Amino acid sequence: MKASVIVFPGSNCDRDIQVALEKFQIATTMVWHQETELPKSDLVVLPGGFSYGDYLRCGSMASKSKIMKEVIQYAGTGGYVFGICNGFQILTEAGLLPGALLRNNKLKFICKDVQIKTINNQTAFTKKLSEHKILTVPIAHNDGNFFASKEEIQSLKDNNQIVFQYCDKEGNISGESNPNGSFLNIAGIVNKNKNVLGMMPHPERVIDQLLGGTDGQEIFRSLL
Amino acid sequence: MKFEIFVTLKKDVLDPQGKAVEGAIKNLGLSTISNIRQGKYFTLEVAETDEHKAKQQAEEACKKLLANLTIEEYSIKKLS
């Protein structure tokens, strides 16, 4: 299996995701954002970070970079695209996922472990996770407050596109377990075709006990 | 031809930054001021003499990059 990790100026989780992918024997190529051709890939990852210093809106400039034309085309033909944190923001700005990520409701950069509940384990990214599996995964963002119009939210629900929701240790999805003000505690969604996943938490940071946890492993195993 | 562009959050989108600014304004004792919403302001030049065409270019920039129409709206004004 082959993956391409797109590197933007300001990406800072690109090497982390490379380590994670290679741990699961996924051959990984780093692709600079100014490239115009995507290497043959079974998966494209948009990593976390602060592309273009979060200028204008998080992910806005990165979503217009040269390689993104290729990524959009690749996603259109059913190719798997995985955006984490800034990658999720880039996917919404590129129109590959609905909604937008706004400033956290308490205006603070949040860097901590949170619990997320698996809402849809029927996707290529989550098929190894048991139903309603609760994962402990870190978040590290300033703008993770998921927003979408009423129509978009309805459509996300109708098409089973909500993949992860923030919850507490017992799995309760409530205001108290919502770290950033996201609509419906949304932490991750897929597109209608279920081949594009965006999530704010960082599964690549919990793939080894040495890093503090292994809850991210099942996501990478699902991709194999 | 020069234009100014305002990009603001749509009415139904929460603006926590505007809220924080409003809190600080209240702390200053300016109690009559409320409903502060924060936005962005751009000026740009279009190398085009036809006003209609120039404005179209500015519109395209707004739709494709300067504003995210999921959460924001924009207005364009020609500067003399």
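Here is a short walk through the structure shown above, beginning with chain A and ending with a sheet in chain B.

This is a predicted model, in which local features need pLDDT of at least 70 and side-chain atom pairs count only at pLDDT 80 or more, while totals for chains, interfaces and linings use all residues. Residues are numbered from 1 along each chain as its sequence is written, and chains are lettered from A and ligands numbered from 1 in the order in which they are written.

Let us start with chain A. It has 5 helices and 11 strands, which are DSSP runs numbered from the N terminus (helices are H or I, at least four residues; strands are E, at least two). Of its 224 residues, 55% count as buried, meaning that 20 or more other C-beta atoms, placed from the backbone, lie within 10 Å of a residue's own. The C-alpha trace spans about 45 × 35 × 30 Å along its principal axes.

Now turn to chain B, where an open sheet of 3 strands runs in the order β2-β1-β3 with antiparallel pairing; two strands pair if DSSP finds at least two bridges between them. Because β2 (39–45) and β3 (72–79) of chain B stand at the edges with a single partner strand each, one side of each is left without a neighbour in the sheet. Strand β1 (residues 2–9) of chain B joins β3(B) in the antiparallel sense over 8 bridges. Within β3(B), Ser75(B) stands opposite Phe6(B).

Notes:
Buried ≥ 20, exposed ≤ 12 C-beta atoms within 10 Å, placed from the backbone.
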